[in-house]
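Thanks for coming, everyone. Please have the sequence and the model open while I talk. I'll go site by site.

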Amino acid sequence: MKMKKFFAGALLFFAWTATTVAQEMQMPPIPVDKAVRIGKLDNGLTYYIRHNEWPEKVANFYIAQRVGSIQEEEHQRGLAHFLEHMAFNGSEHFKGNDLIEFCRSLGVEFGSDLNAYTSIDQTVYRVCNVPVARLSALDSCMLILKDWSNGLSLEKSEIVKERDVVHNEYRLGDGPSQRMITNSLPKLYPGSKYGVRMPIGLMSVIDNFKPKALRQYYQKWYRPDNQAIIIVGDIDVDHFEQKVKELFGGIKVDPKAPKVVPEEVPDNEEAIYIFEKDKEQQMNQILMFMKHDATKPEEKVNMDYLLEVYVKAVVSNMFNERLRELTNDPDCPFFQAMGDDSQYLLSSTKDAFEVIGIPKEGRDMETLQVMMREALRVAKFGFTATEYERAKADYLSSLEKVYTNRAKITNDQFGNEYRDHFLTNEPIPSVEELYQVMQMLAPNIPVEIINMALPEMISGQDKNLVVMEWAREADGLTYPTEADMRAAVERARAEELTAYVDNVKDEPLISELPTAGTIVSETTDKTFGYKELKLSNGATVLLMPTDYKDDEVQMQAWAWGGKSLYSAPADLQSLKIFDEAIGMSGLGNFSSTELSKALAGKNVNADLSLTDARQYCNAHSTPKDLETMFQMVYLYFTNVAKDEKQYQNLMTQLDMALKNKSLSPDMVYSDSLNNTLYCHNPRYQTPDVKDLPQMNYDRILEIASERFRNASAFTFAFVGKFEEDSIRPLIEQYIAALPTTGEAPEKNRNVMTMAKGEVKNHFTMKAESPKAQAMELWRAEAPYTLQNSVMIDAVGQVLSMIYLKTIREDESAAYSCGASGGFNLRGEKPMLMLQAYCPMNPDKNEIALRLLREGMQNAATSIDPDMVQKVKDYMLKQIDIDSKTNSYWMGVIDKMRTYGVDMHHDYKQAVQAITPESLSKFIREKLLSSGNHVEVVMLPEK
Ligand SMILES: [Zn+2]
């Protein structure tokens with residue numbers, strides 16, 4: 001039976017039992033959201049235009065193409081992606097780099113808001129967060145889309161320049177994954193183009209193709225009938241529909257033009273076993289696929305498809321919970337495993353039930369056996385009613401969350417939905433309609449129906465089975481053969497299986513409520529208008545209700561002290577895993593597994609963390625689950641439960657991860673960077689295998705209770721969607737009930753050590769793929785003020801532009817490079833920090849290094865006024881977007897209360913006051929004059 005037929009049948013069954021006899025096999029269609037205008041021009045171009053006001057006063061523009069690297073011929077491998085690069089290097093209305101410069105002038109940054117990607121079957125370009133104040137600017141964005149669609153210049157000189165950029169991108173991505181994917185794909189897709197069409201392509205093609213070949217590919221595939229224009233934002237829909245017709249209506253399509261035909265994936269009669277190894281691979285991975293037919297785009301239009309999506313979601317949820325529960329046993333052969341039913345790797349024409357496992361050392365084949373065993377157990381016995389109750393509750397609560405926030409769906413979300421509707425016909429009902437349908441449907445589907453669908457996904461047979469292992473290569477290791485993998489699968493099939501038993505703890509998180517305290521005083525903050533409450537136990541509470549997200553309440557509680565109060569060498573090691581160890585512990589009477597079962601269907605989270613100077617308890621929830629959040633916070637302060645099994649798992653995992661860190665160029669580099677920057681201070685060194693025995697779970701729990709035993713030292717800030725009246729009783733019941741010691745709040749100590757003066761560390765590293773990395777850091781003490789903070793941020797952004805232009809665009813000495821500036825507030829005195837980083841092209845490392853240093857030196861004397869203006873525009877636009885988020889206000893309140901600095905009110909004036917001269921002066925007098933400069937460079941060993 002085809003899966004599609006099954007879902008149609010199941011739905012009919014419900015229509016029948018729930019209401020009346022269904023007369024015909026035709027399912028009702030999924031309604032299309034009426035708020036989006038969809039149209040198609042005569043030449044085949046599709047468009048989606050929607051007015052949306054979140055975020056306010058900006059709009060997003062996209063062009064999606066139904067083509068990608070799968071359309072390439074053998075001699076064109078890499079051209080689809082190369083073409084995407086050329087879209088930013090000259091077109092009919094934007095010569096040379098004008099497009100990037102024009103977007104910058106709108107405050108739209110290349111790389112984030114202006115970007116594109118190429119995958120195997122789609123290529124999507126976007127210009128996002130364009131301010132809507134000037135209609136002429138928006139019309140220019142339409143010209144950009146038009147140029148991308150069919151007006152690229154593809155000049156020879158620009159193509160020649162871009163070869164290096166793409167080659168550098170290849171080099172940057174060259175690591176164990178890229179190498180093993182390239183080797184595995186032809187075996188994963190025998191006899192299919194999917195096996196030999198990674199978008200990055202062949203460097204032999206990239207370095208040598210004739211410009212004419214690129215132009216031919218462009219003309220052949222970039223056509224209106226393969227394209228969709230998507231516009232979402234604070235815009236006039238009629239105006240843009242008219243624009244689409246004007247700009248794109250005249251483009252002709254050759255009636256004989258080749259059609260995009262879906263590339264099918266052949267079935268495999270015999271199981272496929274694949275093994276790959278690589279010296280830089282950190283952890284082994286085992287993948288198991290059971291391929292089956294994908295739902296075709298034209299089959300995604302009726303209600304049964306929504307049911308199919310629902311069933312897949314709950315199945316993957318329940319299956320993953322089982323796998324997670326297995327890892328609680330320290331004897332489990334894997335660290336982690338998970339599965340779901342989705343697209344088979346690259347190909348939208350084939351789906352697979354897929355399981356991935358990360359085995360513990362030497363237990364690869366046992367892991368594979370368990371992966372197969374659990375899949376077979378599910379197929380044979382199905383899921384239990386209690387597992388399904390939790391999964392259904394999870395589903396319904398996330399549906400509820402989306403529905404609650406329906407007025408604040410972002411332009412990005414709509415943009416992605418319309419893209420998927422165009423490319424793969426994913427349905428686009430309105431949130432209201434989806435909510436209504438699924439609210440009615442999901443509660444009426446019993447677990448039996450879910451279980452009946454399982455054998456369709458999980459066949460367990462050799463036909464269409466694909467098993468693959470990626471392993472770490474090292475001396476002295478032995479590797480499984482194909483026969484070993486086959487034997488592990490056979491062993492699982494031969495097992496006598498029993499049904500899963502679901503152990504659930506049926507009691508409330510807190511069985512006996514603590515004695516409530518009271519709110520003893522209350523004031524209103526004059527600067528930001530939030531309420532400040534003093535509680536009977538001495539704790540301080542800040543309340544700032546907002547309307548930015550209808551489904552979010554954030555809480556942050558903090559007090560001084562942090563890691564700085566500990567200095568014993570063993571403590572320093574334990575503190576390195578404090579956050580993780582607490583995060584995997586239980587709470588109250590609940591082990592971590594029991595806790596996650598008890599929290600099913602709730603959108604809530606809380607955790608503890610330590611920084612150098614402070615201890616934090618962070619939490620968030622939906623308005624609906626607020627009380628559960630308060631209970632978790634109460635328990636984190638009073639009763640973190642030891643979960644020894646979980647701790648052992650964490651240790652095994654760390655042992656595995658750290659044992660091989662010397663193999664990874666990235667980890668070696670970051671270790672050297674930390675050591676140079678922080679003068680080999682053990683506090684700031686990333687952990688090493690030899691440190692593990694010093695870490696101590698009991699000591700971690702002891703430190704947790706020391707740090708969180710005195711609630712009177714803490715400030716609890718609440719920002720988000722809540723009513724003051726309804727949150728007050730919760731504050732009295734849980735926060736005012738927290739214990740205190742009566743002691744005065746502690747102060748943190750100064751433990752920061754940083755390299756002084758001019759410090760250079762150059763070293764070489766031998767690796768499979770030669771990697772070159774550079775980092776420059778300038779720092780200076782300075783008062784923490786709004787002005788200084790705005791200036792250092794602007795310096796970072798200007799330098800980023802300079803580096804992008806000189807290092808990447810002019811010299812092709814790196815694929816990516818950049819700079820960022822900010823304050824480091826961890827030490828005794830606030831510190832300005834400016835970091836420049838650059839993963840370099842090893843052959844051009846001298847040029848890159850020279851430009852890194854020169855960029856800074858030159859900026860200290862003069863800066864291009866045009867760049868400064870663009871940075872200012874960007875900052876002014878970004879603050880309007882950021883200041884509509886809860887996290888922003890949490891930060892603003894924190895800065896004000898901790899350092900007495902108002903980062904909000906005069907922000908725009910401070911940005912407007914920036915001039916090229918003031919920036920240069922700032923660099924000269926505030927930053928470089930300190931003479932503190934660190935340079936860390938890693939080059940490949942020759
Ligand atoms: Zn690229």
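Start at asparagine 284. Leaving aside neighbours within four places in sequence, asparagine 284 is in contact with Gly357, Ile358, Pro359, Asp364, Glu469, Trp470, Ala471 and Arg472. Contact means heavy atoms within 4.5 Å. Asparagine 284 sits in the loop between β7 (272–278) and β8 (285–293). Helices (H or I, at least four residues) and strands (E, at least two) are DSSP runs, numbered from the N terminus.

This is a predicted model: local features need pLDDT of at least 70, side-chain atom pairs count only at pLDDT 80 or more, and totals for chains, interfaces and linings use all residues. Residues are numbered from 1 along each chain as its sequence is written, and side-chain values use heavy atoms, with hydrogens and water left out.

Is asparagine 284 buried or exposed? At 13% relative accessibility, asparagine 284 counts as buried. The cut-offs: buried is under 20% relative accessible area, exposed is over 50%, partly exposed is in between (1.4 Å probe, protein chains only).

Now its side chain. The side chain of asparagine 284 makes a polar contact with the side chain of glutamate 469, at 3.5 Å. A polar atom of the asparagine 284 side chain also lies 2.8 Å from the backbone nitrogen of arginine 472. A polar contact is a pair of N or O atoms within 3.5 Å; within protein, one must be able to donate a hydrogen and the other to accept it, and residues adjacent in sequence count only if both atoms are side-chain atoms.

Histidine 81 and histidine 85 are about one helical turn apart, because they are 4 residues apart in helix α2 (residues 79–86). Histidine 81 is buried, at 6% relative accessible area. Histidine 85 is buried too, at 7%.

On to arginine 707, in helix α23 (residues 697–707). Arginine 707 is buried, with a relative accessible area of 5%. Its side chain has a polar contact of 3.0 Å with the side chain of tyrosine 566. Beyond four places in sequence, its contacts include Trp560, Leu610 and Glu746.

Two hairpins. Strands β9 (residues 334–344) and β10 (residues 347–359) run antiparallel, joined by 10 bridges. Strands pair if DSSP finds at least two bridges between them. This hairpin has 2 residues between its strands, and leucine 345 in the turn has a positive phi of about 50°. Strands β23 (residues 818–824) and β24 (residues 831–840) pair antiparallel over 7 bridges. Their hairpin has 6 residues between the strands.

Last, confidence. pLDDT is the predictor's confidence in each residue, from 0 to 100. The protein averages 94, and 97% of the residues score at least 70. Over residues 15–24, pLDDT stays under 50. Where pLDDT is low, the predicted coordinates should not be read in detail.
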